Amino acid sequence: MSRKKKAAPEWTGFQEAKPYGPTYDLRTDFVMVYGITEDMPERIEGWKKAGYTVHLMTGVSWGEYQDYLYGRYDGRNHWDEAQMDRNGGHLLHNEDVPYMVPTLSFAGYLSSHIKRAIDAGVEAIHMEEPEFWAVSGYSDAFKREWLNYYGEEWCPPHAAHDAQYRASKLKAAMYYRAMDRICSEMKEYSLTTYGRTVRFYIPTHSLINYTQWRIISPEALFVSMPACDGFIAQIWTGTSRTPNVYQGVRRERTFETAYLEYGMMQELTRGTGREMWFLHDPIEDNPAHSWVDFEQNYLATVTASLLHPGVSQYEVCPWPHRVFEGSYPREDGDGKEKIPSRYATQLLTIMHMLGEMHQYDAAQQELSSTSGIGLCLANSAMYQRGTVEIPGAEPDSSSRYDGTESDEKMGTEERKLLDWSPFYGMALPLLKNGIPLRPLQYDNILNFPGYLDDYRVLLLSYEFMKPEHPGIHQVIGQWVREGGVLIYIGDGGDPYHQVREWWNRESRRGAYKRPEEHLFESLGLGRTPEEGVHSVEAGAIILHRKDPASLAETPEGAQLVIDSVRQALMIRDEADDFKGNRILEIQRGPYRIVHVLDETPSADSDSSVVLEGSFIQLFDASLPVLNRVELKPNDNALLYDLSFLSENSNQPLILATSSRIRNEEHSERGYAWISEAPAGITVSTRLWVPHPPLHVYVDQASIDFEYDEETGTVFLEYPGGPQGNCFKLDWE
């Protein structure tokens, strides 16, 4: 679907709750002013004066909404709309800041504040994080909503799997209703009042993270909401360092988890016409880590995001004031320190590189891949994450995990639930073998024709999610008959198979015990085919009667996944396409993005990988020119490949810089430009010139430079400022 054209490009942006400040003025295309507090109009005006396109971002599930809670808004106390656990405790983000039940009354309250932002002239609204905790569902407001939605009295979610599943479906439906109401009403308000269109976006965690952290959100439902213009994929170290299990080892795997999360969000909007920005965070919400830790994990998430070429818009930083003005523990534990100058320069280099990535959407090339392999994941995975009281088992602790605290205090069963091994047991073996697996938004299959066209092998299990509509199986069946190979893994042991849903309702064919029976019947295999390989016209299904969670526990489980994909490609006469690798990499125009995997099965898994050529290392603040790049397992690289420079060019070109470049001017014997950067940042710039330079001037003062004769590149280093520095470079 087509969307309204923007007044100016919005390739990169950031969110900030503070008024304009020169030390965190990142010089991106747009800024999201955060929060609907009284000083919102003044903050919007301050960022406008700095030259930004201004959006507003505000929390949907939580915020500084005390006037609503305590009755100052409409004369009624609204604490009964705070999310509540089974023990009667409110789920709080901060003191007096609960997670809210999205009632119609609360939606109206939010709309009244969003009007003020529209009145102040913002061009877009971001309604952040519509989240309902799985451990909630006990407040009076939720009980009322249950009665209205289901037409029956509320049932405690922990009482039965059916109650837990139905509670979660209601939670997603309530947030969809609230968001649809707010966005539609406010779009109409903007048009009728000012004659202009305002865009609405939804910043949200990935379906993978919400499921793992036991949070319910509409996710895929929003793709079909007419008033939704797109999303921000809120993925960062805090979500991606959540531990998981591979071959029986539980640990953080930030790169792999981030890769799957970004892939999930790319698939959410692929082919839908909605926009998507990928978020990166140079630090995270947990302030207990050092700058070394922040940097290592930040580079992993950036690399993971760049390996998904379907997205080239980025939120480069949430809360830059806490990055560039905050202090965090020293590596040796002796006090705190502000951001190292080298890391600050490196961050700005990456942020401005991200603003260039859209130019190379059509020039991307996967250098080593077994493409077209997908793992299906549906919204319903979130509906199975609440605990159910089982006689003789430990009672639910009503705990929740949001990445800001250690999981060491969790019990064994809680930690096992957090690991979410049914999903990772199927996903990690392929990634660890260098197969660029794509998590597939299963709900989109029915809504968007041709959604499966890019896939040749799909992995599927109903042991941790359920199909919400039988029509999905018709699409899957047609895909298989036309040559696709489906790998189904499941032992039928999930108690959520018994929830009241479409598959177990009586029909002309009778009820199905499990949804997989309807799938197999749709493929012409009967309801309970034997384990093994079954041909279905031009395609096939490979059936394993195993609990997918068990695949995470042993090397044999991981090998079963690998062997199944290899077998699937053999069925398609594409066995030669199975190319395991120690690296995941892609070329996007001149940018080569590389991650070296660890825990790989290859004999040389502990050795380094060497790349040869002529590169600028963009993950180094000094932007060195290298002919050889050596990477150890778990290392990341972002390289500017100098072989992409045109031999026939006679125009100078800035290749990498930690500043925003404006007003470029070319002459026969020189080149001039303006460089803008946050105050206090040391700017690094490397540019190519057609002739050896004689002088470089900044604001008419001569400065030193380094010239690399072999590559024809010049390196400059200088203090930055948001007001801009005027540069001029001369040659003979």
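Analyst: Asn297 lies in helix α10, residues 291-306, where helices (H or I, at least four residues) and strands (E, at least two) are DSSP runs numbered from the N terminus. This is a predicted model, in which local features need pLDDT of at least 70 and side-chain atom pairs count only at pLDDT 80 or more, while totals for chains, interfaces and linings use all residues. Residues are numbered from 1 along each chain as its sequence is written, and side-chain values use heavy atoms, with hydrogens and water left out.

User: Is Asn297 buried or exposed?

Analyst: Buried means under 20% relative accessible area, exposed over 50% and partly exposed in between, with a 1.4 Å probe and protein chains only. Asn297 has a relative accessible area of 6%, so it is buried. Leaving out residues up to four places away in sequence, Asn297 touches Thr237, Arg241 and Thr254, contact being heavy atoms within 4.5 Å.

User: How should I read a nonpolar core, and how many residues has the largest one?

Analyst: A nonpolar core is a set of buried Ala, Val, Leu, Ile, Met, Phe, Trp, Tyr and Cys residues joined through side-chain atoms within 4.5 Å. The largest here has 205 residues, and Ile476 is among those with the most contacts inside it. Helix α5, residues 161-194, gives the most to this core, with twelve residues. A second, separate core of 16 residues includes Tyr671 and Leu687.

User: Beyond its close sequence neighbours, which residues is Ile476 in contact with?

Analyst: Setting aside neighbours within four places in sequence, Ile476 contacts Tyr442, Ile445, Leu452, Leu458, Leu486 and Leu519.
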